[in-house]
Amino acid sequence: MTRSPTIHDVAAAAYVSHQTVSRVLNGATNVRPTTRARVEHAIHALGYTRDDRAAALARRPRRRSGG
């Protein structure tokens with residue numbers, strides 16, 4: 001069984017950081033058009049799909065302990 005491509009795989013294929021891939025996926029406007037095109041090409045070439053469950057977990061507020 002092969003694993004699904006990750007955001008880090010897309011970043012490596014597009015020669016950008018994983019933060020840049022995240023910006024493209026989230027529709028940020030501060031990404032150069034040529035960079036956006038490279039990332040989108042890598043996404044399609046690798047067959048990357050975002051894991052919505054993982055994204056929801058990442059957006060959850062963190063619980064803080066202590067006081």
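**Figure 1. Helices H1 and H3 are oblique to each other in this predicted model.** The angle between H1 (residues 7-14) and H3 (residues 33-46) is about 125°, and their axes lie 9 Å apart. Because an angle counts as roughly perpendicular from 65 to 115 degrees and as roughly antiparallel over 145, this pair is classed as oblique. The crossing of H1 past H3 is right-handed. On the H1 side the contact consists of Asp9, Val10, Ala13 and Ala14, and on the H3 side of Arg38, Val39, Ala42, Ile43 and Leu46. Seven of these contact residues are nonpolar and two are charged, with no polar residue.

**Figure 2. Helix H1 is roughly perpendicular to helix H2.** The axes of H1 and H2 cross at roughly 105° and come within 8 Å. That angle falls in the range of 65 to 115 degrees, so the pair is described as roughly perpendicular. H1 contributes Ile7, His8, Val10 and Ala11 to the contact, while H2 contributes His18, Val21, Ser22 and Leu25. By class the contact holds five nonpolar and three polar residues, and no charged ones.

**Figure 3. Helix H2 is roughly perpendicular to helix H3.** Here the axes cross at roughly 90° and come within 10 Å. Residues Thr20, Val21, Val24 and Leu25 of H2 meet Thr35, Arg36, Val39, Glu40 and Ile43 of H3. The contact of H2 with H3 divides into five nonpolar, two polar and two charged residues.

**Figure 4. The largest pocket has a volume of about 380 Å³.** Its lining is made up of 15 residues, of which Tyr48, Arg50, Asp51, Ala54 and Ala55 are the closest to the pocket centre. Helices H2 (18-25) and H4 (52-59) are the elements that give two or more residues to the lining. H4 supplies the largest share, four residues. The lining residues comprise seven nonpolar, five polar and three charged.

**Figure 5. Helix H2 is shown with both its helix partners and the largest pocket.** H2 packs against H1 at roughly 105° and against H3 at roughly 90°.

Methods. Residues numbered from 1 in each chain as written. Predicted model: local features only at pLDDT ≥ 70, side-chain atom pairs only at ≥ 80, totals over all residues. Heavy atoms only, no water. Axes fitted to C-alpha atoms, helices over the stretch in contact; angles between N-to-C directions. Parallel < 35°, antiparallel > 145°, perpendicular 65-115°, else oblique. Left-handed = near helix turned anticlockwise from the far one by under 90°. Contact = heavy atoms within 4.5 Å. Nonpolar A, V, L, I, M, F, W, Y, C, P; charged D, E, K, R; others polar. 1 Å grid on protein atoms, 1.4 Å probe; cavity = no way out; pocket = protein on both sides within 12 Å on 5 of 7 lines; lining within 4 Å. Points joined across faces, edges and corners; volume = space filled by probe spheres on them.
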